[in-house]
Amino acid sequence: MYRLFLAIRYLLTRPINLLGMAGITLSVWALIVVVSLFSGFLAVVERHVHEAGADIVVSALPAWTRWSTLAPALADDPNVAATAPRLLHYGLLLRPGHRPPPAPLPGRGALHGGDQPFLFLMGIDAAQEAQVTGFAAWVRDAEIPAELRAADVAAPLAMRDGVPTVLIGLERMQREGLRPGDAVLLTTARLVEDEAGQKHPSKVQVPLRVAGAYKTAHSGFDGNNVFVDIAVLRQHLHDNRTEFVQEVAVRAHDATTLADTADRLQRALTRVTERNNTSYGVVQTWREKNAQFLGSVQHQRGLLKIVLVVIMVVAAFLMLATLSMMVTEKISDIGILTAMGGTPTGVTMVFLACGLVITFVGVLVGTVTGIVTAVYLEEVRQAVRWATGIDLFPVDVYNLARVPCTIDPLWLLQVAGMAMATGFVVSALPVLRAARHDPLVSLRGI
Amino acid sequence: MNAPVLQAAAVHKHYRIGKQEIPVLRGIDLSVQPGESVALLGASGAGKSTLLHVLGLLDPPTTGEVRYDGVPVHGLPIGERARLRHRHVGFVFQFYHLIPELTALQNVLLARMMAVSALGYWGQRKAAKAAAIAMLEQVGLGARLHHRPSELSGGERQRVAIARALLAEPRVILADEPTGNLDSHTAAGVVELMFGIQRDRGLALVLVTHDERLAQRCHRIVRLADGVVVS
């Protein structure tokens, strides 16, 4: 009993110990708030990326793949709800007579997109695509102004005045001042074989009309992708081969078992595409397909954790300094406490108790304030913006309605455990010094 | 006849400084009966305080035995020795050794907290507080319960130290020059108090002092010189 009692009395009479406590509190608070924010951001990004694509994508299909053979093979899987064929190309989309703007600096456009002239051309069957992705909702998004909306949202890629149409991301439409019905020229290329059997790239230009705008939650996708009818690309780039397909989007009944489903689909794909004992094509879940992008966000979160742990290290040194000062000051008490019936080692545990009390209170306060701050982060952001005009987290840049936050109980336990372990180690160091002190030295008044 | 409450038999104590061994106690024999007061008298360096520390289980003898109620105690495990020290002896020192962060009452209460867990103390906290207040009232500090050591005079501090030594109800008081830091008037008051409590409670008292007149108040005087009992 005396250890805890003395530890608390020692601490209460030495306000300098609050510095160590404040350091622990700050580090725990920062680790909880920042990591919860980043976890929330990651969760939102994952949701946006998932919503902008299919559950599973079958890609890298060989040239001999026939849609009429592949589609039933995939549909046989019990978890496949729908499939849709796609063709993928690169190209430039310009108004007739316009020149493309210079390419931006490397590294930009990954998250937001839309600021570089090259685009992914996605040839789709609008009706089938609507079965596997949120395509139908993308063309009806409430943020699309009426004047930029496709004339017929039920068939957004329908011909306009006998000319094929293209759906463009909302931001790109607005930035380039395009309107539905505007004429644009798609410039792309295909490989053609000469008389000697050599393959060369050949320019292909397709006049199109703007169908209207679409908007997903993933602005990076919107900026870099345009949709055209799959028949148009087959006609101009694949000699009108109606069975030709390069990619298949798949929607699953149960999105929690995508990895298993992808494995089964990979086996089914092999049966369809195998030639000369070589299998072709790749089946990926949406998470695998975007692994690099999602991994980079996770990597940033990991780096932030390391940076924030430095705060804890600084707090630990602060605590070590204040505890060492206290041990130097109070080491003489070891003598009388031993005379009163304590063991010399047991008496030194008073100082360990001091460190543990500091750590425990710091962790408790840091955890509670961290959770409260994380939960009310949006309100905190608005309060700071109202008071200072500074926006700590501009949500519209990331296409968010409010500051995201995901509190992971496991992370809370990890932070608290790490702080407690740090506090224990830091407290034990001055205790080791105290344990070497001879209690008789204090009693003799030397 | 009962066994002595405290006994030293052929106690030797040497300290090693570098390669040199310095004898401080050389074959001390001493028996203290219950209710007896014994003064250890001698010049500085005679070994009085060292003998007190050996008797109080704070310092082990190099050779020889210390017995409580006839039982050898220095061979016991360290935790057992600490518990025995708490139950059997109460120390009063020249420099009081009060904890400055605690009030007089808390300093005394600390003696009760030493041997019990937090849960155990919680169950007896009211009784412990009442006993501590009664003890402080007995030493004349009923009005200074909540004063810290820095707010007390030297005499008052020593009274708090005496109350602290007595709260665990020991059978022996080991006092190391308890008046050495007090003026003669204050010292007289502390001495009266100490001997009064010793007499009333039937405690054994071992008193280390330089003061011949103080020593004369004890039942017996043991004179030490160079670590040996000379009379």
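**Salt bridges and nonpolar cores**

In this predicted model, Arg264(A) and Asp77(A) form a salt bridge whose closest N and O atoms are 2.7 Å apart. The two residues belong to distant parts of the chain, 187 residues apart. Over all chains, the structure holds 26 salt bridges. The largest nonpolar core has 124 residues, and another core, of 33 residues, lies apart from it.

- Arg264(A) sits in helix 9 (residues 258–273) of chain A, while Asp77(A) lies in the loop between helix 3 (67–75) and strand 2 (80–94) of chain A.
- Arg264(A) counts as partly exposed, at 30% relative accessibility, whereas Asp77(A) counts as buried, at 8%.
- A further salt bridge joins the side chains of Arg190(A) and Asp239(A), at 3.0 Å from N to O.
- This pair also links distant parts of the chain, 49 residues apart: Arg190(A) is in strand 5 (residues 183–193) of chain A, and Asp239(A) is in the loop between helix 8 (230–237) and strand 8 (247–252) of chain A.
- Asp239(A) counts as exposed because its relative accessibility is 51%, the cut-off being over 50%.

**Salt bridge between chains A and B**

- Glu101(B) pairs with Arg14(A) in a salt bridge, with 2.6 Å between the closest N and O atoms.
- The pair crosses between chains: Glu101(B) is in the loop between strand 6 (89–93) and helix 3 (104–113) of chain B, and Arg14(A) is in the loop between helix 1 (2–12) and helix 2 (17–51) of chain A.
- Glu101(B) has a relative accessible area of 6% and Arg14(A) a relative accessibility of 10%; both therefore count as buried, for which the cut-off is under 20%.
- Arg14(A) and Glu101(B) also belong to one network with Glu329(A), Lys330(A) and Asp333(A), joined by salt bridges that share partners.

**Nonpolar cores**

- Within the core of 124 residues, the members that touch the most others are Tyr2(A), Leu6(A), Leu6(B), Leu30(B), Leu110(B) and Leu136(B).
- Helix 13 (residues 344–375) of chain A supplies the largest share of this core, nine residues.
- The core of 33 residues, apart from the largest one, includes Val33(A), Leu269(A), Leu400(A) and Val403(A).
- Leaving aside residues up to four places away in sequence, Leu136(B) touches Ala104(B), Leu105(B), Val108(B), Leu141(B), Gly142(B), Leu145(B), Val160(B) and Ala163(B).

Terms used: Residues numbered from 1 in each chain as written. Chains lettered and ligands numbered in written order. Predicted model: local features only at pLDDT ≥ 70, side-chain atom pairs only at ≥ 80, totals over all residues. Heavy atoms only, no water. Core = buried A, V, L, I, M, F, W, Y, C linked by side-chain atoms within 4.5 Å. Buried < 20%, exposed > 50% of the residue type's maximum accessible area, 1.4 Å probe, protein only. Helix = DSSP H or I, 4+ residues; strand = E, 2+ residues; numbered from the N terminus. Contact = heavy atoms within 4.5 Å. Salt bridge = Lys/Arg side-chain N within 4 Å of Asp/Glu carboxyl O.
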